[in-house]
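Visitor: I'm new here. Could you walk me through what we're looking at?

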Amino acid sequence: MTQIANELSFSLQPNENPKSVAERDAILANPGFGDYFTDHTAVVDFKVDADGNGGWSNARVEPYGPIAMDPAAAVLHYGQEIFEGMKAYRHADGSIWTFRAEANAARLNSSARRLALPELPESTFLESLRQLVSIDRNWVPSQDGEALYLRPFMIATEAFLGVRPAREVSYRVIASPAGNYFGGELKPVSIWLTTTYARAGAGGTGEAKCGGNYAASLAAQMEAEAQGCKQVLFLDPFNDNAVEELGGMNIFFVFKDGTLVTPELNGHILHGITRSSVMQLAADRGLKVEERKITIDEWRDGVAAGDITEVFACGTAAVITPIGELKTADGVIASPAHGIGPVTAAIREQLLGIQTGTVEDLHGWLTRLA
């Protein structure tokens, strides 16, 4: 298939029945996470023609609502789907910005290649965000720790039951006002170590941000919740039980000499954009940053010996969250830090400051949307 690149202009169909100001204000007073959605959605269609040429067309912003789909659509049968997660932040002057959008565009296309979906031009990706946020800008919350969560995604819509890449695809963006991912004030979370399930494997889709990876993690997540934990930790059982990542976040360890360690990317760990941002900010602060294998035994022994002083998780939704304890079938590895540790707190404050416009963006990470 040859993919044709072309510049697209978005048409606008305003929602004739948007939420009232009172309804919207009530939602923004307590948005939760992923519970409510704005009045519009951005959409772009892809289709392969009879000559085998594929192209994007019909870019538009339309009212948010159900998607009409044939029961034989490929996404429903073969899971040909990818997505991204990012946030839009309201700055003090009322302008609205997003963080490292180009990196999200690149990761979406990396996922597309792995799932045999068409790549979306970066310019179209960025414009879809601008168009949606511009019309729904009143949905962007302004309280501390809040943002408008953006969910770009791509699904195979062709009605066909043969096993091959779909020739009709829909790219969409929806938006949801978001508070703290774990609810309430920031505090350390408990996580559960699963030895029953693996998140991904060599040659699989672990590096892609696709729904199947998250569906496969849900049984382990239920296991964690039964243990009173907020998240689940996955290991690589074929590599000395090396720590990989949480169900929806990457993980970092702070050592007493100031070194920051995170599991090395191995082909089945997601390339977290918050992860890479944390590494850059830590290096900016003069901290040594290592991407390497770290095993569950090193974690346990490092905490016991006082070598590991802080542990935290990071991701778009939760930003940076301290880990209070790791529960395992053999006992508990307690956090060496009480509350949020100083390194975790400093990096979190700087990262949020850049995103919300109170700290200078020295790396050009911000993109204005409205």
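This is a predicted model: local features need pLDDT of at least 70, side-chain atom pairs count only at pLDDT 80 or more; totals for chains, interfaces and linings use all residues.

Visitor: How is the aromatic pair of Phe37 and Tyr64 arranged?
Guide: There are 8 aromatic pairs here. In this one, the rings of Phe37 and Tyr64 sit 5.4 Å apart, centre to centre, with 5 degrees between the planes. Planes under 30 degrees apart count as stacked, so the pair of Phe37 and Tyr64 is stacked.

Visitor: How many residues apart are Phe37 and Tyr64?
Guide: Phe37 belongs to the loop between α1 and β3, while Tyr64 belongs to the loop between β4 and α2. The pair links distant parts of the chain, 27 residues apart.

Visitor: How far apart are the end C-alpha atoms of helix α5?
Guide: Helix α5 has 16 residues, 211-226. At 1.5 Å a residue, the helix should span 22 Å. The model agrees with that, as the end C-alpha atoms of α5 are 23 Å apart.

Visitor: Where is the kink in α5 centred?
Guide: The bend there is about 35 degrees. The kink in α5 is centred on Leu218.

Visitor: Which strands do the buried residues of α5 pack against?
Guide: Those buried residues are Asn213, Ser217, Ala220, Gln221 and Ala224. They pack against β10 (189-193) and β11 (231-236).

Conventions:
Residues are numbered from 1 along each chain as its sequence is written. Side-chain values use heavy atoms; hydrogens and water are left out. Helices (H or I, at least four residues) and strands (E, at least two) are DSSP runs, numbered from the N terminus. The expected span of a helix is 1.5 Å times one less than its number of residues. The bend at a residue is the angle between axes fitted to the seven residues ending there and the seven starting there. Buried means under 20% relative accessible area, exposed over 50%, partly exposed in between (1.4 Å probe, protein chains only). Contact means heavy atoms within 4.5 Å. Rings of Phe, Tyr and Trp (its six-membered ring) pair if their centres lie within 6.5 Å; planes under 30 degrees apart count as stacked, over 60 as edge-to-face and the rest as tilted.
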